[in-house]
Amino acid sequence: MSLIRINVTDRTTLLTGELHASFCDRLIASLSAEPSTIAELEHAFTRFTDDPDNLNPLSWLSRFDFDDPLEVSKSLGYEPFDAGLMNIDLIGKTVGGCSTYSTFDPEGSVTIKDEEAEQPEMREFPLPYRVSSEWLFLNSVEEYRRAEFGRRKARLEETPIDVRSVIYGQTLFDFLASRLLKLDSDPTGDETRKIHKDWLLAPLSELAGDTPRQALLRQRDFIDFDLHARSLQWSFLKSPPAEIPEESVGYRFAGFGTHENVVYYDFVRHLICEAFPIWLREDAGSRPSLDAHFSTSITEWLSAENPEYSNRTPAMIIDYERRRKNIVLNPSECIIDENCPICMEMAAMFDTPMFWFLDGSHCDDEFVFSPFGTEDEWDQYQKRIEGFMANYEAAAGAD
């Protein structure tokens with residue numbers, strides 16, 4: 001029993017047919033790219049295949065197109081075949097069915113092979129994947145039938161929020177201006193932190209009542225995990241995985257990983273500590289000139305090479321993360337000591353890429369600027385750090 005009936009739906013299309021059940025895990029893994037169309041799913045599938053010909057199993061399924069998005073859902077068949085049934089609704093973000101071959105889980109791994117690897121133990125690699133928490137997984141045909149239509153209808157009625165247009169745009173400018181124009185001089189360190197914290201914790205109607213902090217953290221772990229998986233894949237196969245296309249929904253409405261969280265922290269501090277004081281000293285004297293100054297400042301800062309990012313531009317770092325593309329170190333960046341023969345030899349011989357990551361270690365050590373969702377999580381983390389330091393100091397004193 002190795003074949004399974006698969007139904008895949010997007011807004012106006014149904015693909016249906018039978019495939020080998022081993023494709024199920026790879027199709028689920030492909031959902032980590034957040035595809036919303038069948039074309040995007042087909043591209044995402046290439047991120048989890050070791051087939052040199054990049055065969056597209058979805059092309060083997062029968063295709064039916066509809067004018068009404070809800071008619072797609074009503075046309076689904078729920079009869080299992082051989083090993084079972086798997087339905088994927090890209091609009092409702094729902095996966096469900098039944099299978100004697102495997103379970104449908106939002107996290108797992110797929111086996112990637114490299115037959116050309118010199119060492120036998122390096123010819124197979126378990127590539128991990130994780131699908132975002134927005135997806136619903138149901139290992140039951142009946143549960144899927146009950147849930148699918150309602151989720152699809154609800155999501156068709158939603159208007160996605162372009163978070164970046166809010167937190168990088170006029171809403172941010174208005175908030176900062178309302179606070180900064182009350183100051184008579186450059187903001188102090190305490191004033192800077194207070195303004196920054198108040199912005200991150202401000203519920204915004206443009207974000208449906210969420211705060212910028214909530215929006216920034218919502219998919220942080222998910223994005224970070226996917227970038228980690230891509231670095232493992234690149235290291236194993238010695239070639240970069242497929243990126244998420246710029247025109248895809250997964251890119252345009254991408255969540256924020258650690259890289260953009262850190263860049264955004266620096267960006268807001270730049271506006272508070274540098275962009276406003278420059279405008280104030282120039283005595284521009286009018287709100288329109290302040291808006292223009294902020295707009296110019298954001299463009300210049302995002303596109304300028306930044307020594308704090310090894311001369312990479314903030315815009316490039318954000319773009320790479322949205323593409324789920326790793327930033328690679330060149331050999332010279334890996335040399336810690338040019339007088340160390342081991343460092344020089346490793347830089348010359350290393351055939352596996354080394355990757356560059358931001359960690360936010362320079363951010364203020366406060367809950368609001370941390371990656372933790374709740375203050376209780378932050379407190380527990382602080383206690384672990386205190387315990388570690390106490391043990392370290394006790395051990396050092398014993399020596």
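**Entry 1: an exposed pair**

I started with D65 and found this residue exposed, as is R63 (exposed is over 50% relative accessible area, buried under 20%, partly exposed in between, with a 1.4 Å probe and protein chains only). D65 and R63 form a salt bridge, with 3.3 Å between the closest N and O atoms (a side-chain nitrogen of Lys or Arg within 4 Å of a carboxyl oxygen of Asp or Glu).

I note the ground rules here. The model is predicted, so local features need pLDDT of at least 70 and side-chain atom pairs pLDDT 80 or more, while totals for chains, interfaces and linings use all residues. Residues are numbered from 1 along each chain as its sequence is written, and side-chain values use heavy atoms, without hydrogens and water.

**Entry 2: other salt bridges**

I looked up the total and got 24 salt bridges. One of them joins the side chains of E18 and R5, at 2.9 Å from N to O. E18 sits in strand β2 (residues 13-20) and R5 in strand β1 (residues 3-9), so I logged the pair as a link between distant parts of the chain, 13 residues apart (helices, H or I, have at least four residues and strands, E, at least two, as DSSP runs numbered from the N terminus). E18 counts as partly exposed because its relative accessibility is 35%.

Next I checked E134, which forms a salt bridge with K93; the closest N and O atoms are 2.6 Å apart. This pair also links distant parts of the chain, 41 residues apart. E134 is in the loop between β7 (124-130) and β8 (136-138), and K93 is in the loop between β4 (84-89) and β5 (94-99). Are the two partners buried, exposed or partly exposed? E134 has 33% relative accessibility and therefore counts as partly exposed. K93 has a relative accessible area of 10%, so K93 is buried.

I then found a network: E243, E246, D319, R323 and K325 are joined by salt bridges that share partners.

**Entry 3: the largest pocket**

The largest pocket has a volume of about 980 Å³. A pocket is an open set of points on a 1 Å grid over the protein atoms alone, with protein on both sides within 12 Å along at least five of seven lines; a cavity is a set where a 1.4 Å probe fits but cannot get out; lining residues have an atom within 4 Å of a point.

I listed 30 lining residues for the largest pocket, and those closest to its centre are E134, R155, P160, I161 and F253. At least two lining residues come from each of α4 (141-157), α5 (163-167) and α10 (249-252). The largest share is that of α10, with 3 residues. By class I recorded 14 nonpolar, 5 polar and 11 charged residues (nonpolar: Ala, Val, Leu, Ile, Met, Phe, Trp, Tyr, Cys and Pro; charged: Asp, Glu, Lys and Arg; polar: the others, Gly among them).

**Entry 4**

Of its 24 lining residues, G360, C363, F369, S370 and P371 are closest to the centre. I found two or more lining residues from each of α7 (189-200), α8 (212-217), α11 (258-281) and α15 (375-398). Helix α11 gives the most, with 4 residues. The lining has 13 nonpolar, 5 polar and 6 charged residues.

I looked at one residue in α11, namely D266. What does its side chain contact? It makes polar contacts with the side chains of Y309 at 2.5 Å and H362 at 2.7 Å (N or O atoms within 3.5 Å, one able to donate a hydrogen and the other to accept it; residues adjacent in sequence count only if both atoms are side-chain atoms). D266 is buried and has no salt bridge; the nearest side chain of opposite charge, R269, is 7.6 Å away (Lys and Arg positive, Asp and Glu negative, His and chain ends not counted).

**Entry 5: cavities**

I counted 2 cavities of 30 Å³ or more. The largest cavity has a volume of about 60 Å³ (the space filled by probe spheres set on the points, which are joined across faces, edges and corners). Its lining is A33, P35, E40, H43, A44, R47, E243, I244, P245 and S248. I sorted these into 5 nonpolar, 2 polar and 3 charged.

The second largest cavity is about 40 Å³. W234, P240, P241, A242, E243, R324, K325 and N326 line this cavity, giving 4 nonpolar, 1 polar and 3 charged.
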